[in-house]
Amino acid sequence: MDKLIITAAPTGSMPRKEKTPHVPVTADEITENALRCEDAGASILHIHVRDENQNPSDDPQKFREVVDKLAGRTNLILQISTGGRAGVGLDSRIKRLAAHTEMASLTTGSVNFPNSAYINEPSLVEDLAREMLRLGIKPEMECFDLSMINNGILLQQAGLAKAPLHFNFVLGLKGAIPASIENLVHMRSCLPAGATWTVSGMGANQLVMGAHAIIMGGHVRVGLEDNIYYRKGELASNQQLIERMARLAREMGREVASPDEARKILSLSAK
Ligand code: ZN
């Protein structure tokens, strides 16, 4: 079994300082937090940015700022989020790729979020995939449902993504596929040969889904984007969530991958 790749998702779009003081929102905070995540065992950093009011920002320049601040200070694999809330068009999402990170997220379909619809039209998904391919950026295909796995395979068949594909299964978000072991096992069974996968469980599911991924040979994403608690009623830091997952893996006999080891596992070209 490959070593475990831990992705840190420290910021996301949702948690605000009022909810948890541990969430990094400014470029400096995200940078410092990322370095702590790397020390704790993360090898990928999934990046979102915020504006001065802590609201999610679509400004490609702000993504660039975080990437620039981290340059030369970390060996983490950087992964820009190309996600967009309602109304955010292709233009701002595709421009973020100019930061030229090793990876970027690519949601391969549409889904309901708790209070809105997250629309990713086929043409938008294809345009993002085409640009990632052109720039040599490896997509992490974000799958909120089974259909999105197949959409990823179709992108590959259309020549818009290169094997081996890498998927992130997002389970437990209201509106998307529920977080159950049966669903996780079934999602894995839908993967094409040679694909790698990671899991993002929402809220308390983060620990449960992560523990199963460790056993099943998958990888895990943890961080305040998906879950702000260490346990019921106790807020977590990103570092604590990563350290716990690394500790669990080692207890189960699975070593944690360094960023360079993760590059090999994901078939990224060496940095
Ligand atoms: Zn994200």
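Does Gln 54 count as buried or exposed, and at what relative accessibility? At 14% relative accessibility, Gln 54 counts as buried, where buried means under 20% relative accessible area, exposed over 50%, and partly exposed in between (1.4 Å probe, protein chains only). This is a predicted model, in which local features need pLDDT of at least 70 and side-chain atom pairs count only at pLDDT 80 or more, while totals for chains, interfaces and linings use all residues. Residues are numbered from 1 along each chain as its sequence is written, and side-chain values use heavy atoms, with hydrogens and water left out. Helices (H or I, at least four residues) and strands (E, at least two) are DSSP runs, numbered from the N terminus.

**Zinc site**

- The zinc ion has three protein donors lying 2.1 Å from it: His 46 (NE2), His 48 (NE2) and Glu 225 (OE). Donors are N, O and S atoms within 2.8 Å of the metal (3.2 Å for Na, K and Ca); water is not among the atoms, so sites may look incomplete.
- The spacing of these donor residues in sequence is H-x1-H-x176-E.
- His 48 is in the loop between strand 2 (44-47) and helix 2, and Glu 225 is in the loop between strand 10 (219-222) and strand 11 (229-231), so the pair ties together parts that are 177 residues apart in sequence.
- His 48 is buried, its relative accessible area being 13%.

**Pockets**

- A pocket is found on a 1 Å grid over the protein atoms alone: it is an open set of points where a 1.4 Å probe fits, with protein on both sides within 12 Å along at least five of seven lines, and its lining residues have an atom within 4 Å of a point.
- Grid points are joined across faces, edges and corners, and a volume is the space filled by probe spheres set on the points.
- The volume of the largest pocket is about 1,000 Å³.
- Its lining consists of 38 residues, and Ser 13, Met 14, Phe 113, Leu 173 and Glu 225 lie nearest the centre. Strand 4 (103-107) and strand 6 (117-118) are the elements that give two or more residues to this lining.
- By residue class, the lining of the largest pocket has 17 nonpolar, 13 polar and 8 charged residues. Ala, Val, Leu, Ile, Met, Phe, Trp, Tyr, Cys and Pro count as nonpolar, Asp, Glu, Lys and Arg as charged, and the others, Gly among them, as polar.
- The second largest pocket holds about 380 Å³ of space.
- This second pocket is lined by 23 residues, with Gly 136, Ile 137, Lys 138, Lys 162 and Ser 267 nearest its centre. Helix 4 (122-135) and strand 7 (138-143) each supply at least two of the lining residues.
- The lining of the second largest pocket divides into 14 nonpolar, 6 polar and 3 charged residues.

- Strand 4 pairs with strand 3 in the parallel sense over 2 bridges, and two strands pair if DSSP finds at least two bridges between them. Gln 79 stands opposite Met 103.
- Strand 4 also pairs with strand 7 in the parallel sense, over 5 bridges. There the bridge partner of Met 103 is Lys 138.

**Backbone points**

- Most residues other than glycine have a negative phi, and most peptide bonds are trans.
- Gln 54 has a positive phi of about 70° and is not a glycine. Gln 54 is placed in the loop between strand 2 and helix 2.
- Ser 267 has a positive phi near 55° and is found in the segment after helix 9 (259-265). At 47% relative accessibility, Ser 267 counts as partly exposed.
- The peptide bond joining Ala 163 and Pro 164 is cis, with omega about -5°. Pro 164 is in the loop between helix 5 (146-157) and strand 8 (166-171).

**Thr 74**

- Thr 74 lies in the loop between helix 2 (60-70) and strand 3 (77-80) and is buried, with a relative accessible area of 11%.
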